[in-house]
Structure formats: C-alpha cells, structure tokens
Amino acid sequence: MTRYDIIIVGGGHNGLVAACYLARAGLKTLVLERRALVGGGAVTEEIIPGFRCSTLAHSAAPFFPQIAKDLDLAKHGVELLTPEARVLALAPDAPSICIYDETARTVSEIEKVSAKDAKSYPEFAGSFSRIGRVLAPLLRMSPPAIDKPALGEVWNLGKLGLSFRGLPKKDAYRLLRWGPMAVADLVSEFFETELLRATIAARGIAGSFAGPWSAGTSTGLLWQAAMDGYAIGPAAFVKGGMGALTQALAKAAVSAGAEIKTEAKVERIEATEEKASNVVLRTGQEITARAIASNADPRTTFLKLVDPVNLDPSFLSKIRNYRAAGSSAKINLALSGLPLFSGLNRIETKAKLSGRIHLGPDIDYLERAFDAAKYGDYSTAPYMDITIPSLSDPSLAPTGAHVMSVYVQYAPYKLKEGDWNSRREEFADKVIDVLAGYAPNLNELIAGRQVITPLDLEETYGLSGGHIHHGEQSLDQFFTFRPVLGCAQYRTPIKGLYLCGAGTHPGGGVTGGPGANAAREIIKDFKASRI
Amino acid sequence: MNKYDVIVIGGGHNGLVNAAYLARAGKKVLVVERRHVLGGAAVTEEVFPGFKFSVCSYVVSLLRPEIIRELELPRHGLEILPLDGTFTPMQNGDYLWRVNDHARTRREIARHSRLDAEAYDEYGKAMIEMAHFVKPIMSMTPPDPTSLNPKGLSDLLFLARRFQKLPDEDKYNQVQLMTMSAVDFLDQWFETDVLKATMSASGIIGTFRGVRSPGTAYVLLHHYMGEIDGAFRSWGLSRGGTGAISNAIADAAREAGVEIRTEAPIARILLKNARAKGVVLANGDEIYADTVSSSVDPRLTFMKMVGEEHLPGDFVDDLKRYKFRGSSGKVNLALDGLPDLKCLPGAGPHLRGAISISPSVEYMERAYDEAKYGRFSRRPYIDIVIPSLTDPSVAPPGKHVMSCFVQYAPYNLKEGSWDEKREEFGDTVIDTIAEHAPNIKDLILHRQVLTPLDLERDFGLSEGNIFQGELTLEQLFFLRPAPGWAQYRTPIRNLYMCGSATHPGGGIMGAPGRNAALQMLKDLR
C-alpha cells in the first residue's frame with residue numbers, strides 16, 4: 001500500500017494549485033475528486049452537443065499571474081484571451097457605456113453620457129490602482145496570527161505598514177474610509193451617471209448576500225482591485241473555457257509527480273489522537289497520509305467530513321455560525337446565433353460584446369434585487385453578469401453559433417416558498433424574460449439551456465449553502481478571520497489537517513491564491529518536521 | 001472690553017460641558033446659544049400648558065461618569081430616575097418584557113425559548129467584556145494613522161496591543177461587533193425573533209441603516225456601557241426631563257465662571273489671517289476671543305459660519321461627503337390617561353419602561369426598505385416612553401406625556417416635502433401605536449410632530465441627524481468628522497470643534513465636549 005505525504009480532498013482549482021506546489025516540493029501528493037472531472041467551479045462542460053461553456057466561473061482575470069508563471073501553465077496549454085472591452089453596461093432606456101482597458105478610450109466613452117464623470121474617471125481609476133498595489137502583497141501572504149505573531153509576520157506587516165504610509169495622504173485616508181462603506185456611497189462620491197455607478201458597484205456585491213447599500217461592500221471592490229489593480233474588472237477568457245485552465249493545472253500537477261483520482265468521493269476525514277490520519281472514500285477504501293488538505297469549504301470540511309468529537313465545541317459553534325448562504329445562480333445558453341442588443345450599433349456590436357456585459361441599470365435596481373433575497377425569494381429583476389466567450393473563442397460552439405454564460409444574482413439558497421427543484425424552470429424563464437428585454441430576438445435563438453440553482457451548486461459542485469466563494473466575504477470573515485479566528489493560517493485545530501480552498505484567505509474567485517498560500521504553509525510544516 | 005479667552009458656539013450639552021471644563025481651568029468663557037433655552041437637543045420645553053416634554057433626546061444612557069463626578073452634577077440638580085425595562089408587544093398577541101431584574105428577564109425569555117434564556121447570560125457577560133475594551137477609547141483624542149508623529153504612533157500601538165491582549169473569544173466578538181449587522185450578530189446567540197428585533201433596534205437608532213446592514217452590531221455594546229460605569233443603570237430618565245441635565249451642566253459652568261447668552265444667534269465666525277478671532281452675532285455685535293469652540297455640526301460651522309472660501313479644498317470635499325442623512329422623527333403626545341395595551345391590558349409596571357414597537361426582524365427590515373427608496377415607513381419602529389409615570393412633575397395630575405421616537409423618516413423624501421407630509425406622518429405613527437393600544441386615539445389632547453426637517457430648522461441639526469452625522473464606521477474615531485481633522489482642531493487656527501460630530505459621537509454623553517476641552521487646554525499651554 002502506498003503511503004502518501006499529503007492527500008488533497010477536492011480537485012478544484014485551489015486544490016490543484018496546492019497539489020502542483022506540494023508535488024514540486026517533493027511531497028508524494030494525491031488529489032481526490034468527487035466528480036468525473038477535476039476543476040470544481042472552474043470547468044468547461046457541454047450544454048448540448050456541440051456547445052461548450054464555462055459552467056460556473058467564467059472569467060479568468062483574477063488568476064494570479066505569478067502562479068501561472070511558477071507552474072508554467074502556458075506550456076501545459078493555457079492560452080489567455082483578453083478582449084479589448086472590459087465591460088459593456090446596458091440600460092433599457094439610457095445609452096450604453098463601454099469600459100475599455102485604455103483609460104483614454106473609456107473617458108471618451110463616458111463623455112457621451114456625462115462630462116463630469118469622464119473627468120472623475122482617471123482620478124478614480126488611479127486611486128484604485130495605487131491602493132490596489134498596496135493591498136496586493138496581502139493576497140500572497142498568510143494572514144498573521146494576532147496572538148503571537150511570528151517574527152516574519154511582524155516583518156511582513158511592517159513592510160505593509162510602510163507601503164500604506166507611502167501612499168499619498170489622500171489615498172491612505174480613502175483606504176481607511178472606504179473599507180467599511182457601502183459601495184453605493186463610494187461610487188456616488190465620484191460619479192453621477194446611475195448606470196456607471198451601478199456597473200462599478202456591482203463588483204462590490206458580486207457573490208455576496210449584500211446589496212449596494214450594505215455597509216462594507218466597498219471592501220469587496222477594494223479587494224478585487226488588489227487582485228488585478230483595477231476598479232472595474234477586466235474580462236479574460238481561457239481558450240477552451242475555464243476547464244482548460246484546470247486541465248492544465250491537473251497536467252502540471254501530474255507532471256510534477258502528483259496523482260489524481262476522479263470519481264473518488266471522500267466520505268470522512270479520520271483523526272487519531274487529534275491528528276488527521278487518513279481519509280475514507282465512499283467505496284470504503286481507506287487512504288493514509290501524513291497530512292490532509294481540504295479544498296472543500298469550511299462547513300463541509302468541519303461539519304461533514306470531520307467527526308465533531310475531534311473538535312472543540314467553541315470552534316464548532318464558530319463554524320456553524322460561519323455565514324455561507326449563497327445568493328447566485330447560473331444560466332448557460334446555447335444560441336444558434338449572436339443576439340441583437342437594442343441600442344447597440346451593428347458595427348461595434350462584436351467588439352463591445354466581447355468582454356463582460358453588465359445588466360443592472362441603477363443602484364436602486366441592484367438594491368431591490370437584493371431586497372427580494374432578504375425575504376427569501378429570487379429576484380425577478382436580477383443583476384446579471386454575462387459573457388459570450390464564443391466571440392473570442394469560436395471553438396466553443398458550431399460555426400456561427402454562440403454560447404452565453406449568464407451569472408444571476410440574487411437567487412437565495414433558502415426559498416421561503418417551494419424549493420429550487422420545483423422552481424428551477426420558472427426562475428430561468430423569468431431571467432430569460434428580463435434578458436429578452438435587452439436582446440429582443442434572444443428567445444428565437446435559444447437551442448438549449450442549463451440552469452444551475454444554489455441547490456445545484458451545493459449538490460453537484462459541493463458548495464455548502466451554494467455559496468460560490470465558500471462563504472461570505474464580509475469584514476468579519478476576512479483575512480485573519482477567514483474562515484474563523486485561529487484557523488486562518490491554513491492550519492486547523494486538528495494537527496495535520498489543512499484548508500486550501502476559497503474559504504481561506506484571500507477568498508473566492510479563480511485566483512489560485514488560497515491553494516498557493518496553503519501549500520507554502522504545509523511545506524513549511526513538513527520541512528520543520530512538524531507533521 | 002468685550003473679550004474672552006474662549007467663545008463656545010452653541011449651548012447644547014456638549015458646548016456646556018466644554019465651557020465648564022475650560023472655565024474650571026481658569027479660562028474666561030462665553031457660551032452663545034441661538035435659542036431661548038439651553039440644551040440643544042437635550043431640552044425640556046412646555047410645549048402645551050402643563051405638559052413638559054423632553055422634546056428631542058429623551059433618555060440618558062451614556063453620560064460619562066467622570067463628567068458627572070468632575071462637574072459635581074448631582075449637586076447642581078441632576079437626578080437620574082431608573083427607566084425599568086423594555087416591553088415589546090408582538091403581532092400574535094403575546095409580548096416580550098425585559099426588565100433590569102435579571103432573574104425575571106431570564107424567566108420571561110425562557111417563556112419564549114429556554115435556549116435563549118441560557119444564552120442571554122453568556123451574551124451579557126461577553127458584552128460587558130467588550131464594553132471594558134471600548135471604554136477607554138471613548139475618552140481619548142483619536143490618533144492620526146497617516147502621520148509620523150510619535151504620539152500618534154504610540155496611540156495606535158496602544159490600541160493594537162490592547163486588542164492583542166484580549167482573549168481569542170473576545171477578539172472574535174470585537175471584530176464581529178465592529179463589522180456585522182445587529183441581526184447577524186444576534187443570530188449567533190438567539191433564536192427568538194422578537195428578542196432579536198428589539199435588541200437590534202438599538203443598532204439602527206439615528207442611522208440610515210437597517211437591522212440587517214453590516215456595522216449596526218456595534219451599538220449593541222452601548223447598552224452595556226452604562227452598566228460597567230457603575231454610576232447608574234444603563235437607561236434612565238432625568239427628573240424634569242433631559243433639559244434638567246443641560247441645566248445642571250449650565251449651573252456647574254456658571255459656578256465656574258462661564259457667561260452664557262441665549263437668543264444670540266451667530267452670523268459668522270470672525271477670521272483674521274486664517275485665525276479665528278471671535279464671532280459676529282446676527283444683530284451685528286462683534287465679540288472677540290482668542291479661541292472659538294463650536295459645538296454645532298460641521299456643516300453649520302464651516303459652510304455657514306466660516307465660509308467655503310476660507311477653507312482648503314480637500315477639507316471642503318470631505319465636509320460635503322460627511323453623511324448626515326437624518327432618518328428619524330419624534331412625536332410627542334399629551335395624553336388624558338394611560339394607553340391600554342392589547343397584549344397586556346391595564347396600567348401595570350410594563351408602561352413605566354420603554355415600549356418598543358419592534359415585533360419582528362422582518363418588520364424592522366421592511367421599515368428600512370421603505371426609507372431606502374425615499375418614503376417614511378408605513379409601519380415604523382417606535383420607541384415609546386411615558387416619563388410622567390416615573391416623574392409626575394412633567395404633566396398635570398392624572399395626565400401624561402408620551403414620547404415617541406420614530407424611525408424611519410428619511411430627510412430626503414422622494415415625493416412631496418416634510419411640510420406637506422408632517423401630519424400624515426403623525427397619523428401613521430398614531431395608527432401604528434393604535435394597533436397595539438387601541439385607546440390611544442381617544443386619549444390624545446395635543447400632539448407635536450417633529451420631522452427631520454423640523455429637527456434641522458428648530459434644533460440646528462443638519463438634515464435632522466440626531467447625532468450630528470451618522471455614526472458609521474467610516475465616520476468614527478480618526479475619521480470623525482473628516483480624515484485628518486479628528487483631533488478637535490480644524491484647518492482654521494484657534495477654531496475647535498466640540499460637538500457630537502467629533503469623537504466619540506452623539507448621544508447625551510458629554511465626551512466630545514470634555515475631550516475637546518482637554519485637547520484645547522493642552523494646545524493652549
């Protein structure tokens with residue numbers, strides 16, 4: 001029987017990133033994936049024959065370039081496609097606004113709707129990228145322990161403190177002031193155009209159970225800016241869909257010596273004398289290892305996989321209180337042609353549609369969408385973030401046909417009436433109706449659809465509560481407090497058990513950050529013979 | 001000659017505290033108040049003959065014990081009467097009644113949930129720990145985190161070390177309190193909806209936020225602050241109304257040599273070479289002083305009394321961003337008798353505490369939703385107190401005064417103006433109360449309805465915000481009222497701020513006035 005150094009439970013992108021780093025450090029690594037394909041939330045699947053789509057996550061923009069470089073992903077087949085348009089914001093009765101990579105081009109686009117906003121934009125974008133640069137090192141750092149921070153941690157924090165003090169005073173205060181603010185307030189400090197406000201604010205609420213008027217949503221925006229340096233996120237696709245990224249990661253892991261088993265559902269993580277010792281598969285098979293890293297979310301890890309007797313009651317109650325009620329759904333459409341969007345002129349259509357498309361015309365619209373979720377219903381006028389990846393990557397659909405990936409918010413995990421299985425189709429119909437309001441010929445083009453509700457996110461993709469970020473990214477579940485205090489350094493109360501998923505710092509999004517940071521801590525422990 | 005060491009603008013409780021401390025340090029101080037009464041929002045007025053109302057602020061909760069002690073307020077007539085308990089009528093005909101007697105409250109909560117009764121003790125203990133942590137921060141001048149000044153750095157380190165020394169459990173609670181919504185926080189402790197609704201209500205008072213908005217948990221602490229001070233119970237009424245507090249402070253100030261002028265509205269602050277030199281009254285009188293200390297809010301102080309043109313552009317931008325957004329109104333009723341609650345009829349002791357119209361979390365949240373889109377709540381949260389039960393001196397024999405604090409009443413209405421909507425708003429409040437106390441309509445002899453617009457016009461609170469600006473994280477501590485200007489100083493030399501718009505903020509606390517005085521005395525030395 002082989003004895004592994006480390007078993008990674010879950011082959012999502014973070015699990016695979018961790019596996020790559022661990023195997024490269026010479027550890028005998030095994031990845032166990034429940035589904036038939038690895039990738040977790042970053043997969044490409046077929047909607048109907050001939051139409052392939054990034055099933056859940058659809059933008060690879062946040063993936064850390066350093067990881068791609070370290071793991072030589074280009075060699076393993078990753079080809080990034082970056083459309084010139086970042087996001088096209090549509091409104092039913094107002095002109096559209098397109099945000100481009102280039103500031104000057106964006107400014108001239110905004111000028112069409114507001115001279116004042118066009119003037120504010122460079123200052124806004126500049127301030128965000130300056131602040132983003134200061135925050136960026138945080139992402140790659142393991143959050144320090146606040147009890148007895150180690151020397152290295154104090155050093156790192158000190159460096160961070162210095163770079164904070166290196167910010168212009170105005171930006172330093174902005175950073176302090178913005179963090180706890182409602183993102184609706186933040187955007188209105190700069191802009192007057194509702195559509196522009198809503199487009200920017202949406203990034204602060206994406207994936208969370210919060211509306212633009214919820215305090216602290218500005219942190220979401222700042223955090224995203226730290227990831228890519230921009231207030232308004234770019235769109236980036238992987239040729240072949242997000243699955244191509246995780247397939248490449250899997251190849252990189254295998255070539256570094258890791259083993260990957262699919263259709264291997266871990267039923268339990270067992271511990272002896274408070275040390276994680278082995279995993280038990282559904283088939284009953286036991287596999288032992290010196291350490292185990294869970295890429296599953298914290299609730300699944302501690303409430304389902306680990307026997308509660310191994311955990312301290314106060315820790316358990318913290319995990320039970322860890323908020324992970326999802327608020328989003330996904331609808332993927334197979335289209336026989338490119339839909340016509342009203343208000344877009346034919347010539348510019350393709351270029352403008354090539355990035356992300358934002359639907360959610362004003363702040364109140366977004367807030368009302370959230371109101372519905374607060375009272376346990378899905379929003380009938382939801383916020384949507386859409387991509388048509390086949391515009392940049394024709395290989396995803398038959399010639400002339402397209403796939404459209406529609407991220408929908410809000411769709412609360414807990415419905416007050418009925419359940420998601422009985423309301424799935426009705427929900428999708430409503431969403432498509434709203435969409436058809438912007439693209440009148442959409443219905444005629446739909447050749448097939450895939451509807452993924454929060455319940456599906458839980459059942460099929462193993463996201464507890466259907467939360468795409470493995471838990472709310474609110475200030476109380478952030479950094480040293482992610483997922484809970486005392487467990488934020490990828491180590492858990494059970495010796496030899498680690499976390500490496502989005503439920504740890506720096507959180508959700510296809511960044512690879514949690515996986516890479518966790519691997520670094522695990523390797524440290526192996527080297528120090530602490531395992 | 002007409003010359004003082006310090007002129008304090010505004011005779012609210014903070015202005016008076018500020019003046020008293022300065023005078024006790026030997027300064028020659030003048031307080032100028034616009035109205036005929038002292039106290040600002042802490043006033044007692046006989047609005048209707050025989051009925052004395054604490055017109056705006058109606059309970060004492062956080063008045064700093066060091067101020068009571070140092071200014072010897074009891075000797076100057078301050079007497080706090082305990083306000084016992086909070087009574088919440090529920091929609092199903094039941095009620096929740098929490099009182100100061102711990103054992104009784106426990107039994108009452110156990111009637112709703114045994115688990116919650118257990119948790120209530122634990123919760124109380126945790127909150128007291130947290131309040132201990134926060135307490136010293138109340139009386140410190142906030143450091144400037146961007147400056148390299150060693151004092152600022154050492155203050156920051158002091159805070160960081162204090163936090164670091166907390167037991168893990170408390171660190172956890174502290175971060176949650178600062179960042180979570182009141183309901184999310186309480187969800188972790190309790191299951192009884194009405195309990196959570198009533199407790200969370202304290203988190204939204206005076207802010208434009210709902211009980212589910214992050215950042216509202218922090219105010220839950222305030223309820224425990226009073227307890228640890230040991231001076232009196234967390235909530236109380238002042239004999240003679242809240243105006244009596246202001247009068248006691250004014251008395252202490254006069255004894256220390258402060259001169260006070262009422263009915264003396266200020267036109268502007270006199271400047272010479274970007275320094276404050278005194279004030280000009282509306283009647284044209286000029287009064288000179290070495291230092292001017294303003295207890296009115298920053299919008300009035302800077303936009304009206306100083307003038308944008310004399311201020312740095314960044315500071316003006318920050319002032320414009322400073323959020324007031326009043327969200328509450330007040331209805332004061334003169335009653336012919338006592339209301340009879342459907343869920344617990346009779347004139348029992350339950351009427352002597354606060355009566356909270358906060359039957360469920362969803363009720364509270366829906367009240368907020370309406371305000372978000374620019375309407376006053378059709379079914380608002382109301383905090384009712386009948387002070388005449390505790391202090392009969394405020395109403396004629398057999399009659400009563402009833403104070404109703406109402407939220408939400410957004411300053412900016414989407415349709416119509418507050419002058420048009422005032423009576424409709426009053427009716428909504430009465431209708432809401434009548435659902436729980438049907439006889440209320442027959443008892444009303446007089447009513448006074450204060451909208452956010454009235455609070456602005458009559459009491460000088462910009463946009464009707466009762467705290468001189470929202471108490472939200474981005475406007476607290478070293479960010480209050482503006483980044484870089486949280487140390488009671490202003491860009492105008494010799495001009496200071498000492499009102500609720502400075503750290504630690506609103507409520508009848510007195511801390512801004514005292515902290516500012518200490519800072520001024522340090523600077524003047």
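Across the interface of chain A and chain B, 16 residue pairs are in polar contact (both at pLDDT 80 or more), a polar contact being a pair of N or O atoms within 3.5 Å; within protein, one must be able to donate a hydrogen and the other to accept it, and residues adjacent in sequence count only if both atoms are side-chain atoms. The model is predicted, so that local features need pLDDT of at least 70 and side-chain atom pairs count only at pLDDT 80 or more, whereas totals for chains, interfaces and linings use all residues. Residues are numbered from 1 along each chain as its sequence is written, chains are lettered from A in the order in which they are written, and side-chain values use heavy atoms, with hydrogens and water left out.

Between chain A and chain B there are 13 salt bridges, each defined as a side-chain nitrogen of Lys or Arg within 4 Å of a carboxyl oxygen of Asp or Glu. In one of these, B:Glu365 pairs with A:Lys374, with the closest N and O atoms 2.4 Å apart.

The contact (heavy atoms within 4.5 Å) involves 34 residues from chain A and 40 residues from chain B. The buried area, which is the accessible area (1.4 Å probe) that two parts lose on being put together, summed over both, is about 3,500 Å² between the two chains, and carbon and sulfur atoms give 54% of this area. In chain A, the residues that lose the most area to chain B are A:Arg165, A:Tyr173 and A:Tyr375, together 20% of what that side buries.
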